[in-house]
Amino acid sequence: MKRAVSFLITVYASVPVVLYLFPWILGHAIFAHLLRFPFFVDLGRPEDVVNHTCNFYLGTEEGISVGVWHTLPASQWEKAAGKSPEWYRETLGDGHPVIIYLHGNVGTRAIKHRVELVKVLSTAGYHVLSLDYRGFGDSSGEPSEAGLTSDALYLYQWVKQQSRGSLVCLWGHSLGSGVATNAAAKLQEKGSALDALILEAPYTRIGEVVANHPLAKMYMFLPGFESLLWHVLERNNIEFANDKNLKTLTSPLLILHAEDDNVVPYHMGLKLYQISLQAQKTHNTDARVEMISYTANRGFSHSSIYLDPNLSNVVQGFLQKLRQ
């Protein structure tokens with residue numbers, strides 16, 4: 001018994017030391033890209049999990065190839081049978097809005113809640129492009145904050161070229177919310193504001209999500225542990241600062257957050273909403289900023305907002321107002 005207790009104490013005490021010596025461990029934990037769920041799904045055959053979808057790859061930079069699924073809007077379903085990837089690409093210019101879906105950590109673009117959301121958006125009449133960042137799914141390379149942002153930016157600019165003036169929206173869920181606001185901030189810095197931004201279960205900063213994790217909370221009473229976490233994140237060049245980005249952004253924004261979110265606390269989404277409202281006043285813009293909250297009794301938690309039967313109406317209402 002004494003040996004078991006001694007072993008547990010040793011393991012517990014060694015965690016801060018291991019994090020300090022091997023900071024890449026925290027980076028791998030944040031991206032969790034090696035957990036390629038669901039198993040046994042051929043990402044090159046999206047039709048196995050979602051219809052009216054074409055798989056293709058983009059070279060976002062030298063040596064990096066990322067996998068993308070393009071799911072058609074409902075109006076194109078009947079025409080899609082047997083069509084080539086080139087035909088799918090041409091449909092991006094048909095005038096329907098395009099949503100680029102930037103998923104969270106863990107797994108691939110084939111995870112059930114991601115596929116179900118794509119189905120909702122496709123039925124609502126949108127083109128949806130689901131991206132697996134570098135290092136995720138069948139995409140090459142290793143993930144980093146800069147790399148994920150670069151992949152999202154490349155896809156956005158590629159879609160803008162193909163869509164011939166159609167509205168293009170970035171939809172970021174969880175970790176992807178940081179990718180989305182990073183990309184939006186870089187576009188705005190270059191003088192090209194993002195058409196629209198939808199953030200699902202967004203956090204203030206990724207470090208605050210890490211600090212809120214049950215495992216991290218076990219160490220928070222130790223002097224200096226929280227500072228160690230932020231130091232390790234800095235060594236990994238991981239920030240994903242939605243709060244900082246939204247202070248500068250003037251793009252239309254819709255935030256979706258469930259009050260019972262057990263990964264990213266609801267108060268973080270609410271804080272981002274308040275930051276965005278203040279940013280519009282500061283920059284004297286009339287860009288639309290909205291937030292939809294889901295009560296805890298609906299049980300949507302972190303990844304099930306797609307179950308809202310009114311979600312398509314919420315998204316349509318937001319995007320249609322931008323085109324008026």
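## Annotated region

UniProt, in an unreviewed entry, places the feature "domain: AB hydrolase-1" at residues 97-202; positions follow the numbering used here, the feature name is shortened, and such annotations may be inferred rather than shown by experiment. Over residues 97-202 the chain is 43% helix and 21% strand, and the end C-alpha atoms are 22 Å apart. Helices (H or I, at least four residues) and strands (E, at least two) are DSSP runs, numbered from the N terminus.

This is a predicted model, in which local features need pLDDT of at least 70 and side-chain atom pairs count only at pLDDT 80 or more, while totals for chains, interfaces and linings use all residues. Residues are numbered from 1 along each chain as its sequence is written, and side-chain values use heavy atoms, with hydrogens and water left out.

## The sheet

Eight strands form an open sheet with mixed pairing, in the order β1-β2-β4-β3-β5-β6-β7-β8; two strands pair if DSSP finds at least two bridges between them. The edges are β1 (53-61) and β8 (289-294), each with a single partner strand, so one side of each has no neighbour in the sheet. Neighbouring strands are turned by 20 degrees against each other on average, direction ignored.

Strands β7 and β8 are parallel and share six bridges. Leucine 256 has isoleucine 292 in β8 as its bridge partner. Helix α11 (residues 266-282) packs on the sheet and touches β7 and β8, and its direction makes about 165 degrees with that of β8. Contact means heavy atoms within 4.5 Å; axes are lines fitted to C-alpha atoms, for helices over the stretch in contact, and angles run from 0 to 180 degrees between N-to-C directions.

## Strand β6

Strand β6 (residues 196-200) is largely enclosed by the rest of the structure, because five of its five residues are buried (under 20% relative accessible area, with a 1.4 Å probe and protein chains only). Ala196, Ile198 and Glu200 lie on one side, Leu197 and Leu199 on the other.

Five bridges join β6 to the parallel strand β5 (residues 168-173), and glycine 172 stands opposite leucine 199. Between β5 and β6 the chain passes through helix α6 (residues 175-189) in a right-handed β-α-β crossover: with the strands pointing away from the viewer, the path from the first strand over the helix to the second runs clockwise. With β7 (residues 253-258), β6 pairs in the parallel sense over four bridges; leucine 197 has leucine 253 as its partner there.

Definitions and conventions:
Buried means under 20% relative accessible area, exposed over 50%, partly exposed in between (1.4 Å probe, protein chains only).
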